[in-house]
Amino acid sequence: MPPTSFDFADWWSKQDHRGTPVVVKMDNPNWSMLEIESPGSGGATTFDKKGRGKNAKQLTWVLLLKAHRAAGCLAWLAHGLWLLLSAVKKRLVQKQGVANPEKSNTHRGKLHRFIKGFLAFALVMLGFELIAHTSGWTPRLRMPSSSSLSLHSMLQAVYVFWVQLRANYIAPPLQTLANFCIVLFLIQSADRIILCVGCLWIKYRRIKVVANPATLESQDLEQPGVGFPMVLVQVPMCNEREVYEQSVSAICQLDWPKDRLLIQVLDDSDEPDIQLLIQGEVQKWRQKGVNIVYRHRLVRSGYKAGNLKSAMACDYVKDYEFVAIFDADFQPKPDFLKVTVPHLKEDPELALVQARWSFTNKDENLLTRLQNVNLSFHFEVEQQVNGVFLSFFGFNGTAGVWRIKALEESGGWLERTTVEDMDIAVRAHLQGWKFLFVNDVRCLCELPESYEAYRKQQHRWHSGPMQLFRLCMPDIVTAKIPLWKKGNLIFLFFLLRKLILPFYSFTLFCIILPMTMFVPESHLPVWVICYVPAVMSFLNVLPAPRSFPFLVPYLLFENTMSVTKFNAMISGLFQLGSAYEWVVTKKTGRASEADLLAAISRDSAEVLPKQQQHLRVVSESGLDLLAKLQDKPKKAGKKGNRLYRKELTLAFLLLTAAARSLLSAQGVHFYFLLFQGISFLVIGLDLIGEQVS
């Protein structure tokens, strides 16, 4: 009889061991612990059905490990709070690292005065509520007798009067306004969900927009380039010292027949040094055989719209069929025209082909990461869904190719608003033209890295649509387009996504919510404060899955930005002075300037490999000019970070409301107000984004 096989593992598991080896490694990499218990150590050990030992000391070490992690988390939170308090002391009290604090005191808008008054009221009511809480007063307290004239009885009478006033006159309209904003909130959330469902449908059906290269082929063997249409490329810029070289370089390397391509560099710079640099860059590429021209306006009227309008007035433009537009920080790939122009050539009813943006600095800081979340949802969901199902969306102002005939029939570029791109898109849509969004074609660009630049950009993006809405409303009503297209333009494109969204975000979470803490007769449900916003933020982050760790900061940041967007919306709707401000978004141009300075130090631009020269060709003329200009004194730039008083005032208001919510034991409301107040404080101190030491 052959011997049975011997299983050592099975035999070992049946033995009565009293000790099992335990290895515990803490998160701190500087030390670890190792304990091995011998069979005779007397430790109490129990076994499960599979023979695995459960030692009491194992549980002790596991608990110690969890306690170590909890202590580390608390230490991290304490360190963050300490840094925040230090920043408050330095920037608010000592004015360290603040740029021109005396100037920031001179600008006080109506919205800021309203928030300050609300804060003063909240502080007074908080003190009064503390007195009532310590005295044991309740809302059912009756008016004291008129014979008592003590201070305590007078305060009690004031408290009873305040309770009756808020219950009968303040709470009903406040609750009505809250219910109205909740309805708007639910409508906007439903719109967001419908867009996401449309995006999922596109993914499920694998709907992709692919260019047909056969449309560019020519049957003439002697002239193979005849199939390529005449394309005009426009590059509007203004004082773009940091990015002009990399943009012009990338555009001059577009893969298109040179005799069928013309590049216009439209320079509105008012600094002579920058004009010379851009002229030198254009001259260098012209010497290399690129068909490129330099245009400069002496009077910068109409900003970007005026610049494009002036360029389209040139006599030679009539020889071209399509025009591609790139802002100064955009770097298209060489095949950009080959994957966009065929769509226009194939469909004569198509007016615009819009490409998606991608970002070189999306991981630079927290601000750029949060912007990446917003713009990823905008392109992946909003633009793609509207393009597939409606054939209409707002032109993004750059990285797009227009049919010149459509521009002319729509009235050309107009200087009446600060959103000339949305203006021309709406007018072209009213003329019956169709738009196409190509999600797979991406154009490299740059995100604003400082909160000041981002804030000004968002102000322009949210005030301009309200200006345009006032101007376009009569044209939309009288346009000869289907009724559902008019409804989409008025209710979805303008009202819901441009007006209602900033209105309810600011009113609901920055005004009504803290107000309900002092008027408890009106309230906001927990699902409005927590659950629905969390779901909406989750949907926003879906197109950028790497940004899921920033879900909560994104939610708080969007509520914080509602102040700027609401202010911009009001100024655009009522044509206030700030609605017509146009500030060129500040760019860093790290790739461009760093390469220039490195090339100057090497005294030669020819040492780069050929592959790198293909990606970014360094301008010899630009190097010479930049070397000379470095010796000149530069203008004083940003010397420090700014203080944003509306955000700071709202921070103290929300923190005051959070303190009041503790008296009512409202847990979710307290945490929301606390973290939202801290978010306003961080942004008000300009601690997000680029920091100036």
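Which residue in E10 is the bridge partner of Ala324? I looked it up and found Val401.

**Ground rules.** I am working on a predicted model, where local features need pLDDT of at least 70, side-chain atom pairs count only at pLDDT 80 or more, and totals for chains, interfaces and linings use all residues. I number residues from 1 along each chain as its sequence is written, and side-chain values use heavy atoms, with hydrogens and water left out.

**Sheet.** I take strands (E, at least two residues) and helices (H or I, at least four) as DSSP runs, numbered from the N terminus. I call two strands paired if DSSP finds at least two bridges between them. Strand E8 (residues 322–325) pairs with strand E10 (residues 400–403) over four bridges, in the antiparallel sense. Both strands belong to an open sheet of seven, which I read in the order E7-E6-E5-E8-E10-E9-E11, with mixed pairing. E7 (292–296) and E11 (434–445) each have a single partner strand, so one side of each is left without a neighbour in the sheet. I noted that neighbouring strands are turned by 20 degrees against each other on average, direction ignored.

**Core.** I looked up Trp402 next. Trp402 is among the residues with the most contacts inside the largest nonpolar core, which has 89 residues. Such a core is a set of buried Ala, Val, Leu, Ile, Met, Phe, Trp, Tyr and Cys residues joined through side-chain atoms within 4.5 Å; buried means under 20% relative accessible area, exposed over 50%, partly exposed in between (1.4 Å probe, protein chains only). A second, separate core of 64 residues includes Ile182 and Leu539.

**Rings.** I count rings of Phe, Tyr and Trp (its six-membered ring) as a pair if their centres lie within 6.5 Å; planes under 30 degrees apart are stacked, over 60 edge-to-face, and the rest tilted. By this rule I get 26 aromatic pairs. Phe185 and Phe509 have ring centres 6.0 Å apart and planes at 85 degrees, so I logged the pair as edge-to-face. Phe185 is in helix H5 (residues 151–205) and Phe509 in helix H14 (residues 483–518), so the pair ties together parts 324 residues apart in sequence. Both Phe185 and Phe509 are buried. Phe503 and Phe566 form a tilted pair, 6.5 Å centre to centre with 35 degrees between the planes. Are Phe503 and Phe566 buried or partly exposed? Phe503 counts as partly exposed at 24% relative accessibility, whereas Phe566, at 13%, counts as buried.

Definitions and conventions
Axes fitted to C-alpha atoms, helices over the stretch in contact; angles between N-to-C directions.
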